[in-house]
Amino acid sequence: MSWLPAVPGDKEQSLQQALSRMVAAHEAAARIGDDDPHVTAVKRLAPAPAIFEPFPETLDPRLQQALRTRGIDRLYRHQADAIAHALAGRHSVIVTPTASGKTLCYNAPVLHSILNDPSTRALYLFPTKALAQDQLAELHQLAERIGEAGGGDIGVFTYDGDTPQDARRAVRARAHVVLSNPDMLHSGILPHHPRWAKLFENLKFVVIDELHAYRGVFGSHLANIIRRLHRVCRHYGSSPVFICSSATIANPRELAERLVGAPFSLVDQNGAPRGEKFFLFINPPVVNPQLGIRKSYLAETRRIATEFLKRGLQAIVFAQSRLSTEILTTYLKDAFDGTPGASDVIRGYRGGYLPLRRREIERGLRTGEVRCVVSTNALELGIDIGALDVSVMAGYPGSIAATWQRAGRAGRRTGRSAAVLVASSAPIDQFVIRHPEYFFGASPEHALVNPDNLHILLDHVKCAAFELPFTADEHYGTVNVQDVLTVLAEDGFVHQVDGQWQWMQESYPADAVSLRSVTSDNFVVVDVTDGERVIGETDFTSGPATLHEKAIYIVEGQLFQVERFDFDGRKAFVRQVDCDYYTDAITYTKVTILDTFAGDGVRPKAEGQWPKESIEPDAFGRQAREPASDLPSAFGHRPLALPAAYYHGEVHVVSRVVGFKKIKFYTNENVGSGELDLPEQQMHTTSYWLRLSPELMATIPFSNADKRDGVVGLAYAMRNVAPLLLMCDSHDLGLSIDGLPVEGASRIGGTSRGMAPAELSSEPTIFIYDNYPGGIGFSEPLFGLHDVLIARTRELIDECACESGCPSCVGPEGATGPLAKAVASRLLQSLMAARAAA
Amino acid sequence: MRDLTSRLREIVRQKPPGAQPPARELTYVPDLAADGSDAAHEAASRLGGRLHRAGHSNCVVLDRRWDAGDWYGRKQVATLELESDAPLGLFDRRLNLQSDWSSRIVFFDIETTGLSGGAGTLAFLAGCGWFEDGGFHVRQFFLVGPAGERALLDALTEVFQSASLLVTYNGRTFDVPTMDTRWAFHRSESPTAVPHFDMLPPARRLWSDAPAGCSLSALEREVLGVYRLRDVPGLEIPSRYFQFLRTGNPAVVDGVIEHNRHDLLSLAALTAHAVWLAREGPDACREASERAGLGRLYENAGDADRAAYAYKLAADSGGPEVRRTALSRLAVLLRRQDRHQESAAAWQSVLELAPRETGALDPLDRRAALALAIHHEHRARNLDLAKEYASALRAESRGRAREDAEYRLRRLERKRTSRPAGARKDLGFRELDLDYD
């Protein structure tokens, strides 16, 4: 057991040892002025003392007594603030770091109100069932103590998909506090609201925990579910106070207000103490300076995690995708191969694992039996996994908020902890790792939701119509719901009768609407090695890319090969194999413009004589400018009229898995490939696009092939800068040139084929689109941020130290071309010059 | 930019872009002005009913009557009324605790806009039936539009408050909870806390072998000999009501109202027939399967002697499958009465009656073989015979059952070699033999 000491002696000291080498490397690099240091930042986050306030005098004495028996005899400042808001009937959102006692912020006012009036009811929403289970245990204990303190019987129950049918009636009758999730509220509670009449008549509080999880599609769904909740509450004459808690994001109050549709008070003065924490940035060294190739960040992560693990520290390792999670799990298990029990102390964790396996891993982390977990963002949320020593991130999580959230999984109120970010060679990672001040100085991102996304809105209007007929003058959201209902009536969903819109279907609309992805469908993975056994599941969208025939499917480092993929039956039959490669699907995507919402061009100041041909005015009344085709060719002796125009609008995206590659573990060699013929997937979404004019292309003194490389490089860099400007994860965006795919991750999983297109059109167009059906509102802000996008992209390319392109700016030279960087830089220069002239 | 409506249409219809939007025009004119009462008046008069009003809400009330001398299937209506000493407690023990359930028996059945439940499922027709002066009176409450629901609930409350017993078919899981939801939707107290007799569970016991299943319409043909003309199939009912809402034409729901009315009388007739059978005993049955079903009813009510008699009669009269089922139930009953020898004989007959074309054991055979293996090992002490049954079981079972059979065979082998059969008191019970029933 020399590798994995079971009981560490002094964790503080072990951590100090592990960090000291990295800190020394950082200091040495700074001394000699290394411009590409291995350790780019060491940030010490100082410990902070607690700020206390006494219990408010009005707080029920039985609750105070119960809290005292649990060792709580006063409040942190944020807790006191939150309780005051809630008891005064103001909606509030509490922004607190991990382990700051946020649950008391809502449990105290809720329990106090129940003690005052036992008919009081509260509804808690957690993004996952696991979180609700976590909270149930804590709330239960508190309720019991209150019972002992003479507070009577306070009923606290979870109500979710796992609640047995025969227990549901008891929950409805006896629960003062119902712990549930948006999915259950959507499909199990709201459509059956008459059975919950007692809850809705007496609903005083709605708690939304982990508010920051509700962004994008999920958040847009939740906002609509809350709209439905408001309607049902109105029907029963209640008007609950909302208490939300959020991790650090830029706009917690705005997000809460968008989701709930009412003004909120913000509680962000954290009064909880913090232990000392070190935050390190690691850039894997360059191994091929010409091509700008760095050491694999997965290998580097493995090395660093091993440093901590062999010193007996408990670590969580975050990977960027399900595939890299499995690869890292495999690597770490290999690293400790032969150590007795090592396979049980190093675990993988991701969506698609069966719930029992997940609970077992969480328990193991709390008890300390699991020493290291490699996870996707699935463990980013506040599931109780105890306080770990170290968080290692393989790759920049894509947003500042997510990075802090992941870093926060290590650390406690006292004592030392560390977070390590290992950069991949992706441009966004390289930007962040080389500009630590950007990360440590910037505010975290905004969480965006678009509750009026028509796809999402329509689904919820159907559900709402089922729950309570809309009246002929009712409003819902910002679109005219009467128009929506008229269209639904045309197709027989509703019918106007007696001055209201009656639901006209036998079915139950909520069943057809899943909040988590666009279809509620999924694929089940069946292991047929020894009998038949379900070992996992995969959502419908990424099914074909991960479960096609001959694909290698990995669960916690165990390899399976897909023998048969039953698309219609939604099953994949896999068998255990022993091999040294994994597979990555190749997908093909095509983008076509459906509708232009707005456009703008770049044109010179006071150049009235230049033809200004415009497209039709759009719905916003603006006129989009496009270059006229008969412009004289201008070779730089005067400013270009319209070097480019940019737009946002609606596009149609078709994706298909066309083949796969076999990639060897560790060396990443491509050791084979195969072709596949699988059904295509379609979506309508919104997109930003930049159209380069033929004149601009003509001014660039390079060959056509080089120009093509330059545009591909420019697109690659822009697409990597965009997530920094928006709040979003990298995979929230898709990229296309002239409607054809560009290499990179695609929505349906796998990697897009090639560096298509081989040739540019006369007006090369770069699309950056929302990777979700209907769009979730990235395209319009990106359109608004066009100038910043161009400026930042130029910074990225010009500041990159490589000679002629690397994965961190315009893409690896091998994949683009020798002059890609030069052409891209020149294009950006022209775009900015023309803009400045205007 | 396309307008909102066409974008919405595209999403609702899930058509790919570029596809022509279906040229679909409104086929009706939404009647925005009506407050419902004119439409309700017209529907009431065309359906031949009157209006019930509660506040601003109206529903249609339809009264119909079958006279005492009318025939329904093989019976006259007057004979279908339950007497106050009818042994309903045999069917549902809860009724033994109720006194005076017989003073006003109301048969109850609803038609809804869907089966999935939830706040959006309307009960648009509620039918109630009761006996009055020898005839069968049906009163139905019908929604001309959703705004009439308050009136419907109000009228129904009156009926329920006067009822001493509700009789339904699957009402425990469907009709009553659905109505409870409607009352809760309107934030009113539900009046459904009346003693309730659901005829479906006893019907399942009595007629489990009915070839077309135990739906009311199947049993009404098989058991009552009633054949309906031009009946509306249950599946069509919601869409017919939706069509009525769209067109306002009561003709499309006439058949639904008729269907509901017949269901109520069939329910009354089926209940009467079941009560008559339970009283008369298995000798009155026409079919062996009915005799076996009656046995199950008696058994369920705790009357073992009558149950055994019914099973014996069934085992003497029916086809092989009915006989085997009756014998197996008889065997279990006898074993519970410690009549082990007779029980084993019944199991023996189950095996003898099995069709022998395939040679494989069906589940009933396996139960018989297991029971006989246990009997011969522990009671009759005939280890050779016990081994024979256990071997047959091992050959025919899989998984847990096979492991058990192997375990039994090993134990039998031990007993056979260690001592002569029956020499010592047997201590070889294992859980699985005690579990067995």
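Two strands pair if DSSP finds at least two bridges between them; strands (E, at least two residues) and helices (H or I, at least four) are DSSP runs numbered from the N terminus. The model is predicted, so local features need pLDDT of at least 70 and side-chain atom pairs pLDDT 80 or more, while totals for chains, interfaces and linings use all residues. Residues are numbered from 1 along each chain as its sequence is written, and chains are lettered from A and ligands numbered from 1 in the order in which they are written.

**View 1. Strands β25 and β26 of chain A form an antiparallel pair.** Six bridges join β25 (residues 558–566) to β26 (residues 571–576). One bridge links A:Asp566 with A:Lys571 of β26(A).

**View 2. Five strands of chain A form an open sheet.** Their order is β23-β22-β26-β25-β24, with mixed pairing. Because β23 (533–539) and β24 (552–555) of chain A stand at the edges, each with a single partner strand, one side of each has no neighbour in the sheet.

**View 3. Chain B meets chain A.** The contact (C-beta atoms, placed from the backbone, within 7 Å) takes 33 residues from chain B and 40 residues from chain A. On the side of chain B that touches chain A, the elements giving two or more residues are α1 (4–13), α4 (175–185) and α7 (237–247) of chain B. Of these, α1(B) gives the most, with eight residues.

**View 4. Chain A contains 25 helices and 36 strands.** Among its contacts between residues at least 6 apart in sequence, 73% join residues at least 24 apart.

Conventions. Contact = placed C-beta atoms within 7 Å.
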